[in-house]
Amino acid sequence: MALQSLDIKQRSATTTPSPQARQTVEIAKLIDVSACIGCKACQVACMEWNDVRDEVGSCAGVYDNPMDLTENSWTVMRYSEVEQNGKLEWLIRKDGCMHCTDPGCLKACPAPGAIIQYSNGIVDFHQENCIGCGYCVTGCPFNVPRISKKDNKAYKCTLCSDRVAVNQAPACAKACPTGAIQFGSKEDMKDYAATRVADLKERGYDKAGLYDPQGVGGTHVMYVLHHADKPALYSNLPENPGVSPMVSLWKGAAKPIAAAALGLVALSSLFHYVMKGPNEVSKEIEKEVEKEDAQ
Amino acid sequence: MKVTRRQFFKVCSAGLGGSSIAMMGFSPTAALAEVRTFKLARATETRNICPYCSVSCGVLIYTTGDRSKNTPGEIIHIEGDPDNPVNRGTLCPKGAGLRDMVQSKDRLKWPEVREAGSNEWKRISWNEAIERIAKHMKADRDKNFVAQNKDGVTVNRWPTLGALASSAASNEAGYLTVKFLRALGVTQLDTQARI
Amino acid sequence: MTNHWVDLKNADVVWVMGGNPAEAHPCGFKWVIEAKKQRKAKLIVVDPRFNRTAAVADIYAPIRPGTNIAFFGGVINYLLSKDKIHHEYVKHYTNAAFLIDPGYGFADGIFSGYDEAKRSYGSKDTWKYQMGADGFAKIDETLQDPNCVFQLMKQHYARYTPEMVSKVCGTPQDAFLKICELVASTAAANRTLSYLYALGLTEHSNGSQNIRCAAMIQLLLGNMGMAGGGINALRGHANVQGITDMCLYAQVLPGYLSAPTDADKDHETYLGKRTPKTLRPNQMNFPQNFPKWFTSLAKAWYGNAATKDNGFAYDYFPKLGGASDALSIFNDMYLGKMQGFICQGFNPLASLPNKKKVGDALAKLKYMVVIDPLATDTSEFWKPHGEFNEVDPTKIETEVFRLPANLFAETAGSITNSGRVVLWRWKAAEGPGESKDDTEIIAALFLRLKAMYAAEGGAFPEPLRDLTWTYTQPAKPSPEELLKEINGKALADVVDPKDPTKVLVKAGEQLPGFAMLRDDGSTSCGNWIYCGTWSQAGNNTARRDNSDPSGLGQTLNWGFAWPANRRIIYNRASADLQGKPWDPSRTLMKWTGTVWGGNDVPDMRPNAAPEEGVMPFIMAPEGVARLFSRELMTDAPFPEHYEPFESPLDANPMHPGNARAKSNPVARVYKGDMEAFGASKDFPYVGTTYRLTEHFHYWTKFSKINAIVQPEQFVEIGEELAKEKGIKAGDKVKVRSNRGFVKAVAVVTKRIKALDVDGRKVHTIGIPIHFGFKGATKPGFMSNTLTPFVGDANTQTPEFKAFLVNIEKI
């Protein structure tokens, strides 16, 4: 009997390996920033499909709203007005989970099965298993997951895994009025991106290119950028994102050493600690990592 | 990559927390995850048109149930109609949020009246509403109807009733409205087309 | 739209000026993006703000609000002086060759025949064609006669130099010239430009003339009637096109039949004045069928009570006694001349100018009936809502009824999109509580009034007694029955006029199209342009075959487009005089040797051979399009730039010495409203209102999801003005006009720049319209608190796009 509608590639904090025999087609969402009009249809479609609603906020003097990703807003548009060589550009980027091939969140997650990577590339959170520790937030190079104050669990874009599982496109991709969001196999998306890049180059954007950062093994949400040489112009899209050194370390060498060194007593107290909810350690690590990143 | 001693210790303790849960045999089955069930399975699909702008996008409205007698359908989701040659399944932020319009807290549910000088609404029946409105209209029309102008030309108009018509109503509703208003002699008539 | 949404993909250049389709019509705008992707099309955006359409444009240029005609005039001058026009098209398909009365003139900003006391052009005798002895208009095909339209036009627009454009509009000259060059590139027969506009052109005191300018440019370029061309009005609501077609406004009856006025004392006079004489030989002059359309409407409404003897119930049609439009209605209401008001799916407290005046007007009514799905602001104009609506209900006597109506999802019926395609929608769910369809509510009122008149008598009860109401359930007329009535049917056998023995449509059958309409009472039709929507074949608006063999996006079997299922109007103009397509790769129409064929329904008599010389603009008695509009417009035969009524300038830079020519010299201004205009010394900044993509008018503020993505009223100002005023993004500001103030959050942006206009710096303040005191968004001030009560001289569309304000930090 199938245990899931999408084949699983890996699960957080789980030693039993997932079956690897089946390989399904790798999918991707392509966001063509040059065709994006910042209409927020994707934001609305996401909320509507996923049955999440933020509270009505206020205007902070910019078009962005909600101002940041939240446990209810899994995608937001970020607007930046950029003036270069006397030419004004309004660069609008749809922000949200990038569905990394090498997902920092999954690596960091201590709760078994709270984060799943499917073989099609989707990285999904399973709130039933989430302990709300916030390590995924720390582990994410794009600062995407958010912990809900209501249930103390982490939320982010699922790439509409429920739709994809029945061969439908994510709600945002289907809704996008201008076709700035496309959805298909990763290979097709890369091919299509190449045609968009060529068109942009013809229109004078010499540095147009695809954003599919290799530091995280590539992503399943990619951008076509007019200024691929300066991703930071797009509301600080990271130039070279990678899995945080902290996360890589403990997943690799540190875990067995720590296990040997600390013993069972420490373990059980930690267990209690972790189950209680967002823990102080993670926040401290977060700060350290941020400091590290800033250096 | 730089790692301080302090960081190294913290990483170890945090990592242990994660490992420990699995090591203690905690819930291996929970790790076998299923995606959220596709919520439209067996929902009823109806073709309609977004009421907002004049692109008039095709929409698919999903309701619960199967139109059986005892289960009035509840709208659970609205998305674009891929067959419509104009929107081809896409929707804008207004259209993609249509469900919240249909289910707005500000929907009117029954006739109400606010009487002269009052500071509140009072719920009334349809029968009372229609009766009271018709009485107002008839009294006004009978008093102010102009059969002939000062030059003796037959004009048959009712100049004291104004009407603004909806641009969100169907062609049929608009047609019936104008047929009704013109028969009454209304000329003070306009619509959003002008605004 | 002369064309349709999908056709935008066929354009080589898309010019948006006076609209913001990326925000207001995102799903239609996809076809502009498609043109860019597939045809390498270029997108031009001219707007006071660098908006979300500009964000994906190839060329953007700023413009001072209210100066579109100066910009257009500059483009016309560029095309004419550089000879970048489609010569054959202009010569044969427009009135360029027509000779105008030698008495016509234009001096110092005013056309011949102006009556200053009446603020009107009176008879406009000198704006007419020279008529020949043969009864037809005189023309000069060489276009050399100094009185021909072409020469007059050249002369008129010679004043609109690039320097003048820049001086009036504040648009940098280089950006203006770059746009001219790109626009001019579409004068080539195989290149087209699609012009897109919305309320950014209409909501001005010279709105109609703005649109005429765009049409004139498209004619000079030969882009009308072409795939990927045309003048495309991006309309408002999903069915604003259909409701306009049904003519829920005073001046016309369904199908744009000019309504009778006091001057039309009898049936004969009425028909006579509305049945135009053909102005050139062999032209179709389609409006000569007016008597068929009116008679069929009268039969649809009054059935057997409409007879030849009573002029088909002519007296049952009320005569217009004067101005009847939203502004005049509310002015009358304000003056206490109205008793009642029916407000159906409309929120005038928010959407008409000068909120204070609108609220005061409603307070003078005896009764008001609101038919709406939502608890609108208008329905609670009498209720205090803090500083957003400061009223004293104890002093307001209006009795207000609020009747719950169903929304789109809860009702079936047809709507008509901006591309004139009529589409059927199906009911998905019941409305909440006791809500009803609009048709049921209207039926309830009608049946009650009819019963009251039958029982008690009263003023002129006959039309109510005789109004056809043969619906199966009189209290619930079904949309199917209504659309059949609108389409029309044969009341007696309809025979071929050339062969009376040949029956074309049998009595009782639905009519296949408006060619079957008769003026003898043998046909009924509720709206002639909708004839064909429900033929004997059934409901054609419900057709869902979206196949597109032409590849042009015509989808002729999807729904039904009026007129006659024609998707692109004036499509005969897509071929040359011989009937060969100007661009064979985008063929709409071609002469096959016996009939017109191609990828659309011909906008032409199907068997009109090219040698007959029947010209493409069949709705004009000339047969050709009008570069010079003769006496048909109130304010000018050639569009001329006038300043908005509230202008930051002291004079019209085009006519600095003539105060009469500062603003539209014939626009209607009511007593009290002139006094309510502000002066630039007190209100130095230009205010302009607009929509945001996250909201639809005053409607989506009731939808939580839309409130989340755009929750609160804000205003946009440029960085330079913000610095001057010490305003930072997120600060609360107060924006004042001479009519009131709004408080809002400041958005400080690089996207609105100060413009250099006539030697002074002009700042623009952008004011989104969507907010109010009811709904899910944060309660806010209505933007129309600020706007002036004056409209376009032809249509009375309010001047929402250009007025004067001041701003301060609070």
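Helices here (H or I, at least four residues) and strands (E, at least two) are DSSP runs, numbered from the N terminus. You are looking at a predicted model, in which local features need pLDDT of at least 70, side-chain atom pairs count only at pLDDT 80 or more, and totals for chains, interfaces and linings use all residues. Residues are numbered from 1 along each chain as its sequence is written, while chains are lettered from A and ligands numbered from 1 in the order in which they are written.

**Exercise 1. A helix in chain A**

Task: Find helix α1 of chain A and work out how many of its residues are buried.

Solution. 
- Step 1: Look at residues 41-50 of chain A, the span of helix α1.
- Step 2: Apply the cut-offs: a residue is buried if 20 or more other C-beta atoms lie within 10 Å of its own, exposed if 12 or fewer, and partly exposed in between, with C-beta atoms placed from the backbone.
- Step 3: The count gives 9 of 10 residues buried, so the helix is mostly covered. Among them are A:C42, A:V44, A:M47 and A:W49.
- Step 4: Go on into the loop between α1 and β3 (75-84) of chain A, where A:P66 lies. The peptide bond from A:N65 to A:P66 is cis, with omega near -10°.

**Exercise 2. A sheet in chain B**

Task: Describe the sheet that β1, β2 and β3 of chain B form.

Solution. 
- Step 1: Start with the whole chain, which has 4 helices and 8 strands. Read from the N terminus, its elements run α-β-β-β-α-β-β-α-β-β-α-β.
- Step 2: Check for pairing, where two strands pair if DSSP finds at least two bridges between them. The three strands make an open, antiparallel sheet in the order β1-β2-β3.
- Step 3: Identify the edges: β1 (44-49) and β3 (75-80) of chain B each pair on one side only.
- Step 4: Take the twist, which averages 25° from one strand to the next.
- Step 5: Zoom in on β2 (residues 58-63) of chain B, joined to β3(B) by 5 bridges in the antiparallel sense. Here B:Y62 stands opposite B:H77.

**Exercise 3. Where chains B and C meet**

Task: How many residues of chain C are in contact with chain B, and of what classes are they?

Solution. 
- Step 1: Helix α16 (residues 438-456) of chain C gives the largest share of chain C's side, 9 residues.
- Step 2: Sort by class, with Ala, Val, Leu, Ile, Met, Phe, Trp, Tyr, Cys and Pro as nonpolar, Asp, Glu, Lys and Arg as charged, and the others, Gly among them, as polar. Chain C's side then divides into 72 nonpolar, 40 polar and 24 charged residues.
- Step 3: Look for strands that pair between the chains: β4 (residues 112-114) of chain B and β12 (residues 399-404) of chain C run antiparallel, joined by 3 bridges. B:R114 stands opposite C:V400 there.

**Exercise 4. Two helices packed in chain C**

Task: Are α3 and α6 of chain C roughly parallel or roughly antiparallel?

Solution. 
- Step 1: Take axes as lines fitted to C-alpha atoms, for helices over the stretch in contact, with angles from 0 to 180 degrees between N-to-C directions.
- Step 2: Helix α3 (residues 68-81) and helix α6 (residues 162-169) of chain C pack at about 170°, with their axes 9 Å apart.
- Step 3: Compare with the cut-offs: under 35 degrees is roughly parallel, over 145 roughly antiparallel, 65 to 115 roughly perpendicular and the rest oblique. The two helices are therefore roughly antiparallel.
- Step 4: List the contact residues: C:A70, C:F71 and C:G74 come from α3(C), and C:P162, C:M164, C:V165, C:V168 and C:C169 from α6(C). By class there are 7 nonpolar, 1 polar and no charged residues.

Conventions. Contact = placed C-beta atoms within 7 Å.
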